[in-house]
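The questions below are meant for a student who is looking at a protein model for the first time. Please keep the sequence and the structure in view while reading.

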Amino acid sequence: MTESTAPPASTLPPSEEVTPDGFRSMMSAFPTGVSVVTGLDGAGVPRGMTCSSVCSVSLDPPTLLVCLRAGSPTLAAVREHGRFAVNLLHQDARATAELFASGDPRRFDLTPWVQDPCAAGPHLVRDAHTVADCAVALTQQVGDHVTVFGTTRRIVRHGAEAPLLYGMREFRRWTSV
């Protein structure tokens, strides 16, 4: 491993201001998988939102992170309940990804889901190829989002379909070269 010879960030030359649109444009060129993070609020009402900010953190203990919009009902449910499910969407679940990104309050009425006693949040049984049930280990607010670290307690496979991808502001299917 080599040491970096770059100057500290405080001594870097000034650059043009990075705007939210510029940052969004840069990140759109980094394709990622698509998930729906779900949880139950204190009244047992299902909450969920589309999330492409999912990352594995550790194998021991098995931990992942999701970044959720600060102030969202989904984040409130995750924090209140201390648990959440990460539904990894398959390539035919674009409509569900768009539905859960839309904020439509009827989203759980418009797509099949189950909540078994061991689940950390609703499982989107038609649209997720795999679901990770997680317990909140840590949360950290950064700007307008909160990073939620979750210890994965259970993995449920619902199918073998290829994942749904998102990049360049478009949903895509996984293709072999």
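Q: What is the volume of the largest pocket?
A: This is a predicted model, in which local features need pLDDT of at least 70 and side-chain atom pairs count only at pLDDT 80 or more, while totals for chains, interfaces and linings use all residues. Residues are numbered from 1 along each chain as its sequence is written, and side-chain values use heavy atoms, with hydrogens and water left out. On a 1 Å grid over the protein atoms alone, a pocket is an open set of points where a 1.4 Å probe fits, with protein on both sides within 12 Å along at least five of seven lines. A volume is the space filled by probe spheres set on the points, which are joined across faces, edges and corners, and for the largest pocket this is about 1400 Å³.

Q: Which residues lining the largest pocket are the closest to its centre?
A: Lining residues have an atom within 4 Å of a point of the pocket. The largest pocket is lined by 40 residues, and the closest to its centre are Thr50, Cys51, Ser52, Ser53 and His145.

Q: Which element gives the most residues to the lining of the largest pocket?
A: Helices (H or I, at least four residues) and strands (E, at least two) are DSSP runs, numbered from the N terminus. The elements that give two or more residues to this lining are helix H1 (20-28), E3, E5, H2, helix H3 (94-102) and strand E9 (164-167). The most, 6 residues, comes from E3.

Q: How many charged residues are in the lining of the second largest pocket?
A: Ala, Val, Leu, Ile, Met, Phe, Trp, Tyr, Cys and Pro count as nonpolar, Asp, Glu, Lys and Arg as charged, and the others, Gly among them, as polar. The second largest pocket holds about 430 Å³ of space. Its lining has 14 nonpolar and 10 polar residues, and the number of charged ones is 1.

Q: How many degrees lie between the planes of Phe100 and Phe108?
A: Rings of Phe, Tyr and Trp (its six-membered ring) pair if their centres lie within 6.5 Å, and planes under 30 degrees apart count as stacked, over 60 as edge-to-face and the rest as tilted. A search of the whole structure finds 3 aromatic pairs. Phe100 and Phe108 form one that is edge-to-face, with 5.1 Å from centre to centre and an angle between the planes of 85 degrees.

Q: Why is the pair of Tyr166 and Phe171 tilted?
A: Tyr166 is partly exposed because its relative accessibility is 29%, whereas Phe171 is buried at 18%. The ring centres are 4.9 Å apart, and the pair is tilted because its planes stand at 55 degrees.

Q: With which residues is Ile155 in contact, leaving aside its neighbours within four places in sequence?
A: Ile155 is found in strand E8 and counts as exposed, at 52% relative accessibility. Contact means heavy atoms within 4.5 Å, and the residues that Ile155 is in contact with, those neighbours left aside, are Thr130 and Val131.

Key. Buried < 20%, exposed > 50% of the residue type's maximum accessible area, 1.4 Å probe, protein only.
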